[in-house]
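The sequence and the structure come next.

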Amino acid sequence: MKVVRKKPLGIPSKILLVVVVTGVISVPLIPLAARKAWVYTNKPEFCVSCHVMKGEYQNWSHSAHRNWAGCNDCHLPQQSMVTELAGKTRDGIYHGYAYLLNKDSVLIRISKHGEDTVMGNCVKCHEPLVENILHNGERKCWECHRGVAHGY
């Protein structure tokens, strides 16, 4: 009598073994790679690597904010890790598109959404100083404190 062995999932057992071993080895590395990518993309050196903001970076690197806040601390939503990741993804797609298709102008202007994000982060970090100041949304922090974050 001849024994007929069925292939698990219809896949030859050697290929299945390679897939399982590769998965067992690589799946635990995914969080490490994600963490490494998160840390790397949070560095101001990453932002300036493709932006036309070398002057802003140099001024920031000589400012007081250098010791406390990087680009993402001011320019990405900080309500939660989810909002920060969503903002980073949105901005990364936009910046990548603009950079790759040469849509990035020499003079970068912050968007309305970007202004609101930066303003919210200013108030969040400096809350003890500004909690009794009513600005009614009419003025932005940088209208009086021009150049504080970027040092000029």
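## Length of helix 6

The expected span of a helix is 1.5 Å times one less than its number of residues. The model shown here is predicted. Helix 6 covers residues 81–100, which is 20 residues, so its span should be 28 Å. The end C-alpha atoms of helix 6 are 27 Å apart, in agreement with that value.

Just after helix 6, Asn102 has a positive phi of about 60°.

Buried residues in helix 6 are Glu84, Gly87, Lys88, Asp91 and Ala98. Viewed down the helix axis, the buried residues fall within an arc of 105°, so they line one face of helix 6. The cover over these buried residues includes helix 2 (29–41) and helix 5 (71–75).

Val82, Ile93 and Leu100 are on the other side of helix 6, where they are exposed.

## A nonpolar surface patch

Leu17, Val21, Ile25, Leu29 and Leu32 make up a nonpolar patch on the surface. Together these residues have about 500 Å² of accessible area. Helix 1 (13–26) and helix 2 each contribute at least two residues to the patch. Helix 1 gives the largest share, 3 residues.

Leu29 of the patch lies in helix 2. Its relative accessible area is 46%. Buried means under 20% and exposed means over 50%, with partly exposed in between, so Leu29 counts as partly exposed.

Definitions and conventions: Residues are numbered from 1 along each chain as its sequence is written. This is a predicted model: local features need pLDDT of at least 70, side-chain atom pairs count only at pLDDT 80 or more; totals for chains, interfaces and linings use all residues. Side-chain values use heavy atoms; hydrogens and water are left out. Helices (H or I, at least four residues) and strands (E, at least two) are DSSP runs, numbered from the N terminus. Buried means under 20% relative accessible area, exposed over 50%, partly exposed in between (1.4 Å probe, protein chains only). The arc is that of the directions from the helix axis to the C-beta atoms. Contact means heavy atoms within 4.5 Å. Patches are made of residues with over 30% relative accessible area and no salt bridge: like charges are joined within 9 Å, nonpolar side chains (Val, Leu, Ile, Met, Phe, Trp, Tyr) within 5 Å. Accessible areas come from the Shrake-Rupley method with a 1.4 Å probe; for residues, only the protein chains shown count as cover. A salt bridge is a side-chain nitrogen of Lys or Arg within 4 Å of a carboxyl oxygen of Asp or Glu.
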